[in-house]
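The sequence and structure are shown first.

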Amino acid sequence: MTVQEAIEKADGLRPNDFSAAEKRFWLQQIEGRILREILSLYEEEETPVPVITGEEGETLKTGAPYDDVYVYGLCARYDFALGEIERYNMDAVLFDELWRALQSDCQRRYVPRERSRIGRRAKP
């Protein structure tokens with residue numbers, strides 16, 4: 001999914017007046033969480049969080065069938081900022097379901113990377 005597709009899909013579900021820069025910032029936060037909390041467990045080198053510029057064709061890291069995590073993440077941000085707490089809660093539930101599904105898929109498909117034990121105390 002591209003950045004523009006995610007924004008258009010979220011805007012179709014929740015028309016709003018937020019700026020394109022705010023939407024890109026929120027997408028960048030979601031992308032950063034995916035890279036740091038999920039994918040960094042499996043990739044050999046940590047991928048730095050890319051700056052989302054909104055350029056034509058700019059793609060997001062997570063693909064189908066989990067790419068709606070970006071859409072529901074944006075919708076949740078919209079609703080929270082507008083004080084639509086019931087809608088926010090529903091979007092957060094949908095986001096969490098996709099988040100857990102993405103985590104589970106990565107656990108099934110990838111081998112966790114080896115982590116250094118240097119500097120950690122050994123457990124008794």
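Apart from neighbours within four places in sequence, Thr 62 is in contact with Ile 34, Asp 67, Tyr 70 and Leu 102. The structure is a predicted model. Thr 62 belongs to the loop between α2 and α3. With a relative accessibility of 6%, Thr 62 counts as buried, because the limit for that class is under 20%.

Thr 47 also lies in the loop between α2 and α3. Its relative accessibility is 33%, so Thr 47 counts as partly exposed. The C-alpha atom of Thr 47 is separated by 9.3 Å from that of Gly 32, and the two residues are 15 residues apart along the chain.

**Packing of α2 and α3**

Two packed helices are described by the angle between their axes and the distance between the axes. Helix α2 covers residues 20-38 and helix α3 covers residues 68-82; their axes come within 10 Å and cross at roughly 130°. The two helices are therefore oblique to each other, α2 against α3. Their crossing, that of α2 and α3, is right-handed. On the α2 side the contact is made by Lys 23, Trp 26, Leu 27, Gln 29, Ile 30, Glu 31 and Ile 34. On the α3 side the contributing residues are Val 69, Tyr 70, Gly 73, Leu 74, Arg 77 and Tyr 78. By class, the residues of this contact of α2 with α3 comprise 8 nonpolar, 2 polar and 3 charged. Ile 34 of α2 and Tyr 70 of α3, both in this contact, are also among the residues in contact with Thr 62.

**Packing of α1 and α3**

Helix α3 packs against α1 as well, at an angle of about 50° and with the axes 9 Å apart. That angle makes α1 oblique to α3. The crossing of α1 and α3 is right-handed. From α1 the contact takes in Ala 6, Ile 7, Lys 9, Ala 10, Asp 11 and Leu 13. From α3 it takes in Asp 68, Tyr 70, Val 71, Leu 74, Cys 75 and Tyr 78. The residues of the contact of α1 with α3 divide into 9 nonpolar and 3 charged, with no polar residue. Tyr 70, Leu 74 and Tyr 78 of α3 are listed in the contact with α2 and also in the contact with α1.

**Salt bridges**

The model has 7 salt bridges.

| Residue pair | N to O separation |
|---|---|
| Arg 14 and Asp 91 | 3.1 Å |
| Glu 37 and Arg 33 | 3.2 Å |
| Asp 105 and Arg 108 | 3.7 Å |

The bridge of Arg 14 with Asp 91 links distant parts of the chain, the two residues being 77 residues apart. Arg 14 sits in the loop between α1 (3-13) and α2, while Asp 91 is in helix α4 (residues 85-109). Both Arg 14 and Asp 91 are buried. This pair is part of a network of salt bridges that links Arg 14, Asp 79 and Asp 91.

Glu 37 has a relative accessibility of 41% and counts as partly exposed. Arg 33, at 35% relative accessibility, likewise counts as partly exposed.

In helix α4, Asp 105 and Arg 108 are 3 residues apart, so about one helical turn separates them. What is the relative accessibility of Asp 105? The value for Asp 105 is 12%, and the residue therefore counts as buried. Arg 108 is exposed, with a relative accessible area of 60%.

**Phe 80**

Phe 80 lies in helix α3. Is Phe 80 buried or exposed? Phe 80 has a relative accessible area of 53% and is therefore exposed. The C-alpha atoms of Phe 80 and Glu 22 are separated by 14 Å, with the two residues 58 residues apart along the chain.

Terms used. Residues numbered from 1 in each chain as written. Predicted model: local features only at pLDDT ≥ 70, side-chain atom pairs only at ≥ 80, totals over all residues. Heavy atoms only, no water. Axes fitted to C-alpha atoms, helices over the stretch in contact; angles between N-to-C directions. Helix = DSSP H or I, 4+ residues; strand = E, 2+ residues; numbered from the N terminus. Parallel < 35°, antiparallel > 145°, perpendicular 65-115°, else oblique. Left-handed = near helix turned anticlockwise from the far one by under 90°. Contact = heavy atoms within 4.5 Å. Nonpolar A, V, L, I, M, F, W, Y, C, P; charged D, E, K, R; others polar. Salt bridge = Lys/Arg side-chain N within 4 Å of Asp/Glu carboxyl O. Buried < 20%, exposed > 50% of the residue type's maximum accessible area, 1.4 Å probe, protein only.
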